[in-house]
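Trainee: I have the file open and would like to go through it with you. Can we take it topic by topic?

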Amino acid sequence: MPKKKPFSAGRVPLILFLCQIVSALDVPLDLVQPPTITQQSPKDYIIDPRENIVIQCEAKGKPPPSFSWTRNGTHFDIDKDPLVTMKPGSGTLVINIMSDGKAETYEGIYQCTARNERGAAISNNIVVRPSRSPLWTKERLEPITLRNGQSLVLPCRPPVGLPPAIIFWMDNSFQRLPQSERVSQGLNGDLYFSNVLPEDTREDYICYARFNHTQTIQQKQPISLKVISVDELNDTIAANLSDTEFYGAKPSKERPPTFLTPEGNESLKEELRGNVLSLECIAEGLPTPIIYWIKEDGTLPVNRTFYRNFKKTLQITQVSEADSGNYQCIAKNTLGAVHHTISVTVKAAPYWIVAPQNLVLSPGENGTLICRANGNPKPRIGWLTNGVPIEIAPDDPSRKIDGDTIIFSNVQERSSAVYQCNASNEYGYLLANAFVNVLAEPPRILTSANTLYQVIANRPALLDCAFFGSPRPTIEWFKGTRGSALHEDIYVLHDNGTLEIPVAQKDSTGTYTCVARNKLGMAKNEVHLEIKDPTRIIKQPEYAVVQRGSKVSFECKVKHDHTLIPTIMWLKDNGELPNDERFSIDKDHLVVTDVSDDDGGTYTCAANTTLDRVSASAVLRVVDVPNPPFDLELTNQLDKSVQLTWTPGDDNNSPITKFIIEYEDAMREAGIWHHQAEVSGTQTTAQLKLSPYVNYSFRVMAENSIGRSVPSEASEQYLTKAAEPDQNPTAVEGLGTEPDNLVITWKPLNGFESNGPGLQYKVSWRQKDGDDEWTSVVVANVSKYIVSGTPTFVPYLIKVQSLNDVGFAPEPAAVMGHSGEDLPMVAPGNVRVNVVNSTLAEVHWDPVPLKSVRGHLQGYRIYYWKAQGSSKRNRRHIEKKILTFQGSKTHGMLPGLQPYSHYTLNVRVVNGKGEGPASTDRGFHTPEGVPSAPSSLKIVNPTLDSLTLEWDPPSHPNGILTEYTLKYQPINSTHELGPLVDLKIPANKTRWTLKNLNFSTRYKFYFYAQTSVGSGSQITEEAITTVDEGKLAMASRQVDIATQGWFIGLMCAVALLILILLIVCFIRRNKGGKYPVKEKEDAHADPEIQPMKEDDGTFGEYSDAEDHKPLKKGSRTPSDRTVKKEDSDGSLADYGEGVNGQFNEDGSFIGQYSGRREKEQAEGNESSEAPSPVNAMNSFV
C-alpha cells in the first residue's frame, strides 16, 4: 500500500532555535566589541600552483579591526612584497603568482591577527603547500611469464604527490580491468592475483595515478603478462631439450592459502578518531581463497562496518577509541585456512568537550570562560590573551586562571579582551577565540516588531524574542492586551527569549507580547500568531500493476487550509517526471499512456504550502509477457535423450511460472512445431526423451501470469540414430467381407514411431482352433491385407508386427478375427402366438443351431401383416411390418395391432450377411375393440324447430357396432350451456331428425359409435335452427309504418351502429380467435374429458375442446353441414428395431403406441356470405 509521508516541520524550528541561542550571545554591531574571526582558510591549505594564492581572514568588531600576518612565526610585511596585497576592509591575502612568482616561494605557516581597542583575535596556523603531481620515473619493465595457477603481484608504486593520488588499473583503451575474488587492487595500488589463468594474458596492464587537485592523470609503463598452460610449456621444453633431458612441466598443484599482504601472522594499525579504519588482507591459493573477518573479544559495529574489494578490505566509519582491539582476517579454500591478526589502536587529535564562548558582562558582574578538550594522548591546555601567552600578558586583577577555566570577578570596562584557548597533542591542535566584553546597556529587542507567525495546527509554535542587554535582561511573555504572564506549565520559555507552544491549537491564535527588563530599562515587542489547518491527502495514489503498452492513472486529492495555496507536484523515484508527452497531469490525476518498462517505479504526490508539506507514494509495476529465452544449447547428446539448456529472458516483473519446449522434425515436417515438454519456471535445463531417426530442433517459450512469450530462436539441429520400431500397429482387426476371405486391417505407425527408414509390416495369421502353422507376409507401409480362400466364418488369430531397415519391433500380441459370413441356413421352428389383447400379441419361437447361422448372430426378425378383404386386396399390395429382436432372444411382443383382425407372421434369423429362410406362416385373430369416431357428421334441412343429422359409419369399427349415442345441448344468449340430452340410435341408421327444438337456437352435438367392448371416439358439430317468420314479418311492418323523417334518421343511426358491430365481429372471427362464446367455453371441460353426471345425465357447461373447434371465418357450419373424420392407423415407426421398431431384451415394447390424432375437416366450400342482420342480431343475443 502507498504510504503517506508527511513533511516533518519539527526540524526547521529546532535548527532555528539553536541558531537563536548563538545569536543571543552576539553583540549588536552598533555597540563596542572586541574582534571576532568570522572566516579563515583551512589549517592544511593545499593550493593549485597554477592559480593565485588566496589566504582568507575575515573578522568583525566595533571599531572595525585592523589586520596583520605572521609567516613561519615572524611578522610578514606585505608592503615589501609587490605580489602580495590585502583586500580592503579585510585581512584576506592575495598572492599574485600568476604574473611573476612561484607557489613554492610562499610555502609556509601563516597566521592572521585582527585587532581593535578592545582586544585582538588570531586565526589558526594555516599551512600553505602547493599541490604536486610528479611523473613516473622511466623504467624498463620485463615481460612476465607464469604457469597457469601461480600467484602474482603487479606493483604500481606511484610517485608521491600532494595530496596522494587515486590509483586504478586500465588497459590501452582506457577500460578498467575486471576485478574479482581472484584478481583485485590493494590499498597501496598494487594489483594482486591469487592465481593466474590463461585468460589473464595481455600486454597492457597499466597503472594510472589521478591527482584530483590538479586534475591530472599520470600513467605507468604497460606491463606484459603471459600465462601458459602445461601443454604449451611442455612443447617449449621439448623444443629446446633432448629426449634424455626432458622431464616435463607439471601443472600447478592446488594449495592452501597464504597471505600476499600483510606479511606474517600479526601486524599493527593505528588510526585517528573520526576517520575511516581500513584493514586489508589479500591471500593467494588454488582454488581462490575466500576472506572472513572477526573481532576478537567483541563484535563488529553493525551500522558502521562495510566490506570492500570482495571482502578483502574491512572498513569501519567514524572510528572511536572503543573500536581499538584485535581484528582477525581468515583466508579459506578447500585445502585449508590461514589467519592474520591486526592490532588496532585508535588515537585522537584534540576535540572539544566545552569550547569557550563569548562573555558579555556589565561592570561589577562575575563570569567564567571554560576551555575543555579531550584526545589520545590527553591534550595540553594553553591560554592566550589578545594573541599573547597569558603568562606574559599584562596582569588583570579581575581574572584568575584555574587550569582549563578563567574566573572573572567584579569586572570593569578595562577587563574587555580576547582570550585564546589552545588544546594540542602530537596529532593536532584546537584554537578558539572568546572575548570578554564589559558593557552597560539597557534592554533592546532585536526581533522585528509585529512579526506574523503562521503555524499548522497540532504542531509546535516558536515565537522569537531575540534580545540584548547588559546586564542580561529577564524575559516575560504575555498574550493579548490585558493578559497575565505566560507560565511554563503550558508554555516553554527558552533562554534565548523564544516562546514555544508545544502543541498549537486554533485557540492559540492571537497577539503575543515579549517584555525584556534589566536594571537599566525595559523593552517590549508584539508578534502575531495564526493557526492553519494542516494539508492532508484525502485520496492517495494506489499501487498499480499494468501491462506494458497500457494506460495507468494515479489519483491524489488534497484538502488544505483555505488561506493557503498548495502546489501539487508529482515525482518519480524522488525526481522529476520524465519530459515525455505520455505523462499528463489533469487536476487530481497523473496519467501515463503507453506504459513502458522504464515507467515502473515509485510515484509520489507532494503537496506543498508555505507552512507544510505532505506526500503519498504508490508503486507502479510494469508487467508483460516474458522476453523469449535465448542461448539454447544441446548437451549430453545420446541416442534417445538430450539435455537442453537455455538462458531465461527478462520476466518483465511477473515471475516466470513455466517453460514450454517444442520440437520440429526438419526431415518430415519442417516448419511444424510440436509440444515436447514443460518444466518449472525455476529451471533452465531439461532432459528430453527423443525418438530415433528424427532431425530435431528445439525452441523454448516462457510463460508468466500475463501470458506466453514469443518462441526463442531454434536450437541447433540434432539427428538421432535409426533404430528398430518400439511399437506395433494398433487397432488390429480381422473381418471377412466375403464368405471366403479374411480382411486384416490396422492403424499404421506415424513417421516418428517408425524409428528409421523402410517401414513395413509383417502380417501373420492362422486358424484359432487348428494346428496350422502361422502364415506370414511382409507388406509395405499400408493399413490392410486380404487373405483369400478361407472357410466361411472361421475364427483366426492375427498378428501385425512393425519392422524397418534396422530390425523388428517387439513380438505383438495375437488378436482374434473371423473370416467372412454367409446367409443363415435354417429357419426358426415351433413358432407360437399368444394374443394378449386387441392390440398386442406375444410371439415365441425355438432358436436355430449356432452352426447354421454361419456368422455373428445379430437377432431374429418377425414379419407380420393383416389379412385384407377381397376389395382391398385388389387395390393395393399387402403391407408387411417388421420387428427385429437383438441377440439370441426367443420371444417378442407385437404392439399396435388392429382389433378384430386376422394377422399372419413368420420369423427369420439374422446375421451380418443378412436373413435366413422364413419359418412357416402362423395366423392369429385379435378380439374386438372400441370403434373409431364416425367418419363424418352432417346437419341438413334446418327448420324452425328441427335439425336432421346424417353420418358415415366409423372407418375402423374394430368389431360389430351395437348402437350410436347422440348427445346435444343448447347454447343460450349468455353463452352458457343448457341441459344435455342423451339419445341412443340403432347401429343400422345413418340419418336422424331431431324435432321440437327451439327456434333460432344454437345446439352443440356429440356423436360416437359403440361395440360390445365400449364407446369409441366422438365427433362434434354445431348448428342453428331457423328464425320465427312471424317475428320477421312484424319487423317488416314496423319498418313500413316508420315513414316519418325523424324515425327514418333514428333507424339509419341504429343501422350504422349495427354495421360497425358486425364489422368488429367479423374481424374477430376472421383472425381465428375465440368467438364470444369461446371465452365462456374455455372455463369448462370438454364433455368427452368430463364425463356426464350419473344422476341427471347432463355434461355440465358447454366446452369447446381443441379437437372439436367450430368452423371459422364467419360460418359456424359448412354449407353442406358435413364433417369428415380422417382415418386413424396405428404407426409402428417407434417400435422394434431397424426402420420399424425396437424391443427390450425381455420383449417389452419401447416407446408409446398411438393412432393418428383425430382431426376435423370440413368438406365443400365454406360459406362466404354474411348472415342476415336479424340472424346476426340473434347470434349476439
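Trainee: Numbering the bonded cysteines of the protein chain in sequence order, what is the pairing?

Mentor: In sequence order the bonded cysteines of the protein chain pair as 1-2, 3-4, 5-6, 7-8, 9-10, 11-12, and the structure holds six disulfides, a disulfide here being a pair of cysteine sulfur atoms within 2.5 Å. Keep in mind that this is a predicted model, in which local features need pLDDT of at least 70 and side-chain atom pairs count only at pLDDT 80 or more, while totals for chains, interfaces and linings use all residues. Residues are numbered from 1 along each chain as its sequence is written, and side-chain values use heavy atoms, with hydrogens and water left out.

Trainee: How far apart are the sulfur atoms of C57 and C112, and which parts does that pair tie together?

Mentor: The sulfur atoms of C57 and C112 are 2.0 Å apart. Because C57 lies in strand β4 and C112 in strand β9, the pair ties together parts that are 55 residues apart in sequence; strands here are DSSP runs of E with at least two residues, helices are runs of H or I with at least four, and both are numbered from the N terminus. The torsion about the S-S bond of C57 and C112 is about -75°, so this disulfide is left-handed.

Trainee: Is C57 buried or exposed?

Mentor: C57 counts as buried, at 0% relative accessibility, and C112 likewise counts as buried at 0%. Buried means under 20% relative accessible area, exposed means over 50%, and partly exposed is in between, with a 1.4 Å probe and protein chains only.

Trainee: What about C371, which cysteine is it joined to?

Mentor: A disulfide joins C371 to C421, with 1.5 Å from S to S, and with -65° about the S-S bond this link is left-handed. C371 lies in the loop between β30 (367–370) and β31 (372–376), whereas C421 is in strand β36 (residues 417–425), so the pair ties together parts that are 50 residues apart in sequence. C371 is buried, with a relative accessible area of 0%, and C421 counts as buried at 0% relative accessibility.

Trainee: And what does C465 form with C514?

Mentor: C465 and C514 form a disulfide with their sulfur atoms 1.7 Å apart, and the link is left-handed, with -65° about the S-S bond. C465 lies in the loop between β40 and β41 (467–470) and C514 in strand β45 (residues 510–518), so parts that are 49 residues apart in sequence are tied together by the pair.

Trainee: Since β40 came up, in what order do the strands of its open sheet run?

Mentor: The order is β40-β44-β43, three strands forming an open sheet with antiparallel pairing, where two strands pair if DSSP finds at least two bridges between them. β40 (461–463) and β43 (492–493) stand at the edges with a single partner strand each, so one side of each is left without a neighbour in the sheet. Three bridges link β40 to strand β44 (residues 499–501) in the antiparallel sense, and the bridge partner of L463 in β44 is L499.

Trainee: Changing topic, which residues touch the most other members in the largest nonpolar core?

Mentor: They are I53, I55, W69, I95, Y106, Y110 and V128, out of the 30 residues in the largest nonpolar core; a nonpolar core is a set of buried Ala, Val, Leu, Ile, Met, Phe, Trp, Tyr and Cys residues joined through side-chain atoms within 4.5 Å. Strands that each supply at least two residues of this core include β3 (53–55), β4 (57–62) and β9 (108–116), and β9 gives the most, with three residues.

Trainee: Which residues does I53 touch?

Mentor: Not counting residues up to four places away in sequence, I53 touches I47, L93, V94, I95, I97, A103, Y106 and V128, contact meaning heavy atoms within 4.5 Å. Apart from this core lies another core, of 21 residues, among them W646, F659, A686 and Y696.

Trainee: Last one: where is Q547 found?

Mentor: Q547 is found in strand β48 (residues 544–547) and counts as partly exposed, at 36% relative accessibility. Leaving aside neighbours within four places in sequence, Q547 is in contact with V623, D624 and I706.
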